[in-house]
Amino acid sequence: VSNGSAVDINRNLVTPDGTLTTPARAAGTVTLEAGAKVSANGSIMIDATKTTTVSATPILGANAALQLGADRISLGSTSPLNVAGLRIDDFGLDSLGYLTALTLTSYSSFDVYGSVMLGNATMQHLSIKTGNVRAFGNASDASVFKAAESISLLGKSVDSVPPQQSGAGGTLTFNSKNIELGDLNFAVRGFSHTTLNAANDI
């Protein structure tokens, strides 16, 4: 929690690109219960190497940044309620729309259930740190990740994706003025089409 801008963190048993060793994945839990109050004028980071549970809404000032991290991140209201890691349903996705900058870090996979809208034209910067973005849905699903200024897709040096059990299809579109692709492994799996729309540069 800070009144300044967002920063990165370094941990034992976690490589600089966010790859977890086995001991790191076995533990590390952050839980914000309903009714808890976490507020900052600048930035908030909530990051655990295993499970992150956020039942309270972080309160951030104007032009604020939020960073969320977990062993796995699942987006969409059709994602299983008991899914491991961090689950963000459609209501939670809507509540992130007022942020200036959002960073989501998954230490294994970034799973999209159904049609998901992440970000909007108000959000300036969206950063996704993971080795894999996976589709869990059907052919009619259409997911959009959007930010006004930039989207950063930052991968990992080691592919530690859990096996995909069922469901795949639909489209995934990234919309922004600039799209940055990292120099590590970043895979998009299970979508029928993936589109990068950048008004300026990729």
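Colleague: Which residue of β12 stands opposite Leu-104?

Modeller: Ile-128 in β12 stands opposite Leu-104, and the strands concerned are β9 (residues 101–106) and β12 (residues 125–129), which run parallel and are joined by five bridges. Strands here are DSSP runs (E, at least two residues), numbered from the N terminus, and two of them pair if DSSP finds at least two bridges between them. Bear in mind that this is a predicted model, in which local features need pLDDT of at least 70, side-chain atom pairs count only at pLDDT 80 or more, and totals for chains, interfaces and linings use all residues. Residues are numbered from 1 along each chain as its sequence is written, while side-chain values use heavy atoms, with hydrogens and water left out.

Colleague: With which strand does β12 pair over five bridges in the parallel sense, apart from β9?

Modeller: That strand is β15 (residues 150–154), where Ile-151 is the bridge partner of Leu-126.

Colleague: In what order do the five strands of the open sheet lie?

Modeller: The order is β8-β7-β10-β13-β17, with parallel pairing, and β8 (86–88) and β17 (187–189) are the edge strands, each pairing on one side only.

Colleague: How many salt bridges does a search of the whole structure find?

Modeller: Side chains of opposite charge can pair when their charged atoms come close. A salt bridge is counted when a side-chain nitrogen of Lys or Arg lies within 4 Å of a carboxyl oxygen of Asp or Glu, and the search finds two. One of them joins Arg-134 to Asp-111, with the closest N and O atoms 2.7 Å apart; this pair links distant parts of the chain, since Arg-134 is in β13 (residues 132–136) and Asp-111 in β10 (residues 110–113), 23 residues apart.

Colleague: Is Arg-134 buried or exposed?

Modeller: Buried means under 20% relative accessible area, exposed means over 50%, and partly exposed lies in between (1.4 Å probe, protein chains only). Arg-134 is buried because its relative accessible area is 2%, and Asp-111, at 0%, counts as buried too.

Colleague: Which residue forms a salt bridge with Lys-177?

Modeller: Glu-149 does, the closest N and O atoms being 3.1 Å apart. Glu-149 lies in the loop between β14 (142–146) and β15, whereas Lys-177 is in strand β16, so the pair ties together parts that are 28 residues apart in sequence. Glu-149 is partly exposed, with a relative accessible area of 27%, and Lys-177, at 32%, also counts as partly exposed.

Note on methods. Helix = DSSP H or I, 4+ residues; strand = E, 2+ residues; numbered from the N terminus.
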